[in-house]
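Dear colleague,

Please find the structure below, followed by a short account of what was found in it.

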Amino acid sequence: MANVVRDPVQHPDAIIPDLSKPNPLVKFTRNDIALVYGSVWKQRYFKKVGDDYYVFPAQWDITHNRWLPYFVKPGEDWWAPLYPPDNMKRPTSQLCDGCDSVNYDIRAHTVTEWNVGCERCHGPGSEHVKLPSRDNIVNPARLDRVAASDVCIQCHVQGRPLASPIEGKYYDWPVGFRVGLDLQDYWKLEAPTLGETNFYYFADATAHKNRMQGNDFVQSLMYRRGVKCFSCHDVHGTDNEAELLKPDSAMCLECHGPGSPNGPPTRTIEEHTHHKPGSLGSDCVACHMPKIERTIADTNVHAHTFRFITPAMTERYGIPNPCNTCHQDKSSAWATDTLRRWSGVSPWRVE
């Protein structure tokens, strides 16, 4: 997170693809790129014009090592119809920069620093540097459960400002919010319509796309019980996927071990999953956090509602379920019948 935006002059290795190889989508050169965004799933390239930046209409698909077009069409985000259909007329100051920087000034178009720096999550830090104290810095761990998760939700969410437009401009980030304030005074989450699949949500209100972990999480029982984003993740960095404190299943089983008050009523995980130890089917996140939320093309990220999506939901609403994500040669009807016949599984919970 602290390196999601990089200057290719300062970081010559920031640009992943070989721009010397021609591609019809790529109509820019290395010298045209002022900033690079992303390094995990996709990479986008910003051109500087005056005191603003604009995203080139080609992005690099890191998983498949290929170029893909980048353009937000009407219907793919609330703000798209409000801007001309040209990336070079859609400034990142209004659509991106508030989340990818610290203290973005909407009038001066200046930042304290690019990237998700310390002050993005801890608030102003100059007084804390002079005289370190609990009283002159925000520690999200000491905030209440809602405010603590809002530190992450401010950016990992689809929504829009309460006041829009702001000084005649439409922003896709919570202008004016900083940690310690109340996010709901600045921002409202995009609401799902149950039974309807759209750009944001599947029909059961599970997110359809990436950067909606917050929309998912606030629906979850975990959130209602006081679990926070950083109960599982450490944004300062770990060696685990998604900056988890521990590998995924080990992280889950700390609270949800077999026979525990919050765990399955079985002696072992395998009795619960009906899959072999160490297999994907016995991995907690494979079933309870399926990778069904698109970040680019067919590259998906984990859902964060922690609900098990049954094959019957696929039949009714077209929502991808974890059974057929693995057993792609089988039908959802086969998966439903298999679940119904598992010992210890209620047949009424699989419909």
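How many helices and strands are there in the chain? There are 12 helices and 12 strands, where helices (H or I, at least four residues) and strands (E, at least two) are DSSP runs numbered from the N terminus.

Please note that this is a predicted model, in which local features need pLDDT of at least 70 and side-chain atom pairs count only at pLDDT 80 or more, while totals for chains, interfaces and linings use all residues. Residues are numbered from 1 along each chain as its sequence is written, and side-chain values use heavy atoms, with hydrogens and water left out.

**Overall form**

For 351 residues, a compact globule would have a radius of gyration near 20 Å, and the 22 Å of the chain agrees with this. This radius is taken over C-alpha atoms, and the globule rule is 2.2 Å times the number of residues to the power 0.38. The C-alpha atoms fill a box of roughly 65 × 55 × 40 Å along the principal axes. Of the 351 residues, 42% count as buried (under 20% relative accessible area, with a 1.4 Å probe and protein chains only).

**A hairpin**

Strands β11 (residues 291–296) and β12 (residues 299–302) pair in the antiparallel sense over 4 bridges; pairing requires that DSSP finds at least two bridges between two strands. Ile 296 has Thr 299 in β12 as its bridge partner. The two strands form a hairpin with 2 residues between them, and Ala 297 in the turn has a positive phi of about 50 degrees.

Yours sincerely

How values were computed:
Buried means under 20% relative accessible area, exposed over 50%, partly exposed in between (1.4 Å probe, protein chains only).
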